[in-house]
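The sequence and structure are shown first.

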Amino acid sequence: MCRLAAYLGPEIPLRSFLLDFPHSLYQQSWDPKELTEARLNADGYGVAWRQRDGRMGAYAQPMAIWNDVNLPALADALTSTSWLGNVRSATPGQPVHAINTQPFAVDRVAMTHNGYLSGLAQGGRGRILSNLSDVVQSQLNGTTDSEYLFALLRQARLDGAPDLATALAAALRIATQCTAGQAALLNVCVSDGEQLVFSRHAVERPCPSLYLNRSHAGSPGAQWLASERFDDDAGWAEVAPHTITTLAADQPPRTVPIEWAA
């Protein structure tokens, strides 16, 4: 389990995204309120953002977020109109290492995942790999279920998925098929810097918590996504379970059900 957050809106520094709220993602690393299958998110953290050239950059550390001496300087130096963040509680058996720390970013797409896929060690990993081209397999660096989800999403895009929402739906469907419908928590957020696409989904378990705020009183024009509400602002609303939502600037959200979930 992990906690995730995302942002789309006017350019803000990393500090505003990661640190400043009363119940920020930083705070949630040691004081989560709605984490059901762990108590602490101390197995690393990372952020991804849209760079000036349009590609998604990423910074990840395998240490607990409060131990990173570089964070205060980065928090003031980095600015972006799009952010993804994750504080990690590692799935049992998965090494705590920089290559296993989210978000993951390749070219113009970044992804972060709150949850897990059961069944990788029981043949699921091989079945997922069989769905990946040599190009996508060559880009795998770590061993986490989350990175395998990201690989499936990139494969769907290479196979012609018309948009990120369709690619995410394909990745979730194939992942759950490859793990034979075993327990999975699948809150996933993907960004290309211009939109956020996210799922709230689970198999054989309740969906992890996830909230959206499109009208925060302190952030005009911003859209926030978080595993837990950052504060008491009235704009926070729970995301519907078993759905995929697309957010873009100056457009209403587009939410579709995960139809194969039943």
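A residue is called buried when its relative accessible area is under 20%, computed with a 1.4 Å probe on protein chains only. The model discussed here is predicted. At 1% relative accessibility, Phe150 falls under that 20% limit and therefore counts as buried. Phe104, at 8% relative accessibility, is buried as well.

**Aromatic pairs**

Over the whole structure, the search finds 12 aromatic pairs. One of them joins Phe104 and Phe150 in a stacked arrangement. This pair connects distant parts of the chain, since Phe104 belongs to strand β5 (residues 104-106) and Phe150 to helix α6 (residues 145-158), 46 residues apart. Trp224 and Phe230 make an edge-to-face pair, because planes over 60 degrees apart count as such and theirs stand at 75 degrees. Both Trp224 and Phe230 are buried.

The two pairs are listed below.

| Pair | Centre to centre | Angle between planes | Class |
|---|---|---|---|
| Phe104 and Phe150 | 6.4 Å | 15 degrees | stacked |
| Trp224 and Phe230 | 5.9 Å | 75 degrees | edge-to-face |

Trp224 and Phe230 also belong to one aromatic cluster, together with Tyr7, Phe17, Phe21, Trp49, Trp83 and Trp236.

**Charges over rings**

Which residue lies over the face of Phe150? Arg154 does, at 4.6 Å from the ring centre. Phe150 thus has a stacked pairing with Phe104 and Arg154 over its face. Elsewhere, the charged end of Arg125 is placed over the ring of Tyr148, 5.0 Å from the centre of that ring.

Methods
Residues are numbered from 1 along each chain as its sequence is written. This is a predicted model: local features need pLDDT of at least 70, side-chain atom pairs count only at pLDDT 80 or more; totals for chains, interfaces and linings use all residues. Side-chain values use heavy atoms; hydrogens and water are left out. Rings of Phe, Tyr and Trp (its six-membered ring) pair if their centres lie within 6.5 Å; planes under 30 degrees apart count as stacked, over 60 as edge-to-face and the rest as tilted. Helices (H or I, at least four residues) and strands (E, at least two) are DSSP runs, numbered from the N terminus. Buried means under 20% relative accessible area, exposed over 50%, partly exposed in between (1.4 Å probe, protein chains only). A charge sits over a ring if NZ of Lys or CZ of Arg is within 6 Å of the ring centre and within 35 degrees of the ring normal.
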